[in-house]
Amino acid sequence: MLQRLRGSLLRRPAATPPAAAIRCLSSGSADVRVPLNFWAGKRQTSSRKCNKENVYEPATVLSPSHICAGRVLCLLDPCGAAEVDQAVSAATSAFAHWSKMSGMERARIMIEAARIIERRREEIAEMEVVNNGKSITEARLDVDSGRLCVEYYAALASTLAGQHVQLPGGSFAYTRREPLGVCVGIGAWNYPFQIAAWKSAPALACGNSMVFKPSPVTPVTAVMLAEIYGEAGAPEGLLNVVQGGQETGSLLCRHPDVAKVSFTGSVPTGKKVMEMASEGVKPVTLELGGKSPLIIFQDSDLQNAVSGALMANFLSQGQVCSNGTRVFVQKDILPKFVEEVVRRTRAIEIGDPLLESTRMGALVNHPHLEKVLSFVDQAKKEGATVLCGGEAFVPSDPKLRGGYYMTPCVLGGCTDTMTCVKEEIFGPVMSVLSFETEEEVLRRANDTTMGLAAGVFTRDVKRAHRVVEHLKAGSCFINNYNITPVEVPFGGFKMSGIGRENGQVTVEYYSQLKTVFVEMGDVDSLF
Ligand SMILES: NC(=O)C1=CN([C@@H]2O[C@H](COP(=O)(O)OP(=O)(O)OC[C@H]3O[C@@H](n4cnc5c(N)ncnc54)[C@H](O)[C@@H]3O)[C@@H](O)[C@H]2O)C=CC1
Ligand SMILES: C[N+](C)(C)CCCC(=O)O
């Protein structure tokens, strides 16, 4: 069965060795031909004839003369109203069955899904790499995070329960924790598989079904998750995948049979999603952008602080919402910090994302690379110093020439009013700022409309907690950065979002309470 699924997804060059220990794919060889929409338990094609769109492989392009065109990995088949209706209807049917199952029964299927994800880890990670451009090392960790999330919510599924409340005269009330119905998940392109898992796992554990729309830039791996749930024994239609962009997303948000929308993406799109959901008074979870501060005090362990700054800026080619892109360093240690951070940034191996040694792959597409590079240009114009990187990078391997690579960049001499310090760049660009006092840095760190994450490095335990208390951000790190264990909530303050993903609290965002009053005496009527 597994071999059949693998075989159906990819057409590989005949010479590719099949042994599990050897990489199945090489950059520039994947060719996805199977349909990427999935509802009612199988891959589906859209009935719309004319609007297929190219999806590119960021690490490689057709030829150096086709830099903007890129190598086409597959065709996107965007869904219109008819397809969205079919997917929502499949999810509605699945909900009728799934929501009546006990938590233990749901958990059994989810645990099996987690087991299949583990078995297919390498295949999913490889597809994530060819579609997104990130390194295989990171892609494996993303798949693991998705799997852990499914395991975590499987374990919670059987614990969902209400409350019993005694009332006067032997009367009582109880609460039932009930699912919402068909939930919609809409994802960004930076963590395609992980986002699909982080949204579907809590939704399904609570007894909901889901229609998920990946970013049109990275459509390939969410559908693998939908297949996996099916293989694990989930009812047909439990997790459905519809492909498309803005139009498909709007159709989902406005659909009358959709009970909730969970969105990951930019602030402007998040606002639109909230507006559309408000038409049906539907709850939303919004995981939006960030411009997070990382504060490094002079008593920090310097190597750990530098490691933290690198983790805060260069995962996934810097395309991470929670990145700590404003690195505030206390004045006395600034020269040493800068020397070390630049040395280690220069050592980051850029190149073929499918190679084990690569630590930084390609940005997601050509327009995005151009946008990130233009932020570096703008920073120079505004007086920042490029301490390293910030240029397009051309790998020596001819097939990778023209992929969307750049050298990770550290900007020095930054001030709070510079564009690079104020706007989300969503690329491998770290801005280093100097500060003197705790009070000053807190004021500057909080001076933003965003509030997704924040970090502090210090050996002073009292200061660490005092600083964190004053930081206006949803996810704060002390002496680390950008780790997201699925057991703890993740999400933003201010314009970085509404609601949380992961952790126990997310049950609240995918379920509703029904209160039942039970009268044991007579009705004490006023009339
Ligand atoms: N807080 C978080 O967890 C994360 C936030 N992000 C944020 O996402 C952004 C980058 O991702 P992008 O995919 O470029 O964001 P985006 O906002 O352009 O798109 C996100 C998703 O929304 C869909 N969409 C676009 N217009 C829509 C509409 N009118 N109605 C419904 N759906 C619509 C897109 O097709 C895509 O699936 C960055 O700002 C980043 O900070 C990214 C990852 C995680
Ligand atoms: C896993 N982590 C922390 C690197 C990123 C999670 C949020 C995102 O999807 O950008």
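A polar contact is a pair of N or O atoms within 3.5 Å; within protein, one must be able to donate a hydrogen and the other to accept it, and residues adjacent in sequence count only if both atoms are side-chain atoms. The model is predicted, with local features needing pLDDT of at least 70 and side-chain atom pairs pLDDT 80 or more, while totals for chains, interfaces and linings use all residues. Residues are numbered from 1 along each chain as its sequence is written, chains are lettered from A and ligands numbered from 1 in the order written, and side-chain values use heavy atoms, without hydrogens and water.

View 1. Oxygen atoms of ligand 1 lie 2.7 Å from a backbone N or O atom of Gly187 and 3.2 Å from one of Gly265. In the side chain of Glu424, an N or O atom is 2.5 Å from a ligand 1 oxygen. Ligand 1 alone exposes 850 Å², of which the protein buries 88% (Shrake-Rupley method, 1.4 Å probe).

**View 2. Surroundings of ligand 2.** Among the residues around ligand 2 are Tyr191, Gln194, Leu315 and Phe490. An N or O atom in the Asn190 side chain is 3.1 Å from a ligand 2 oxygen, and a polar backbone atom of Cys321 is 3.3 Å from an oxygen of ligand 2. The protein buries 94% of the 310 Å² that ligand 2 exposes when taken alone. Its shell divides into five nonpolar, five polar and no charged residues.

Technical notes. Near = heavy atom within 4 Å. Nonpolar A, V, L, I, M, F, W, Y, C, P; charged D, E, K, R; others polar.
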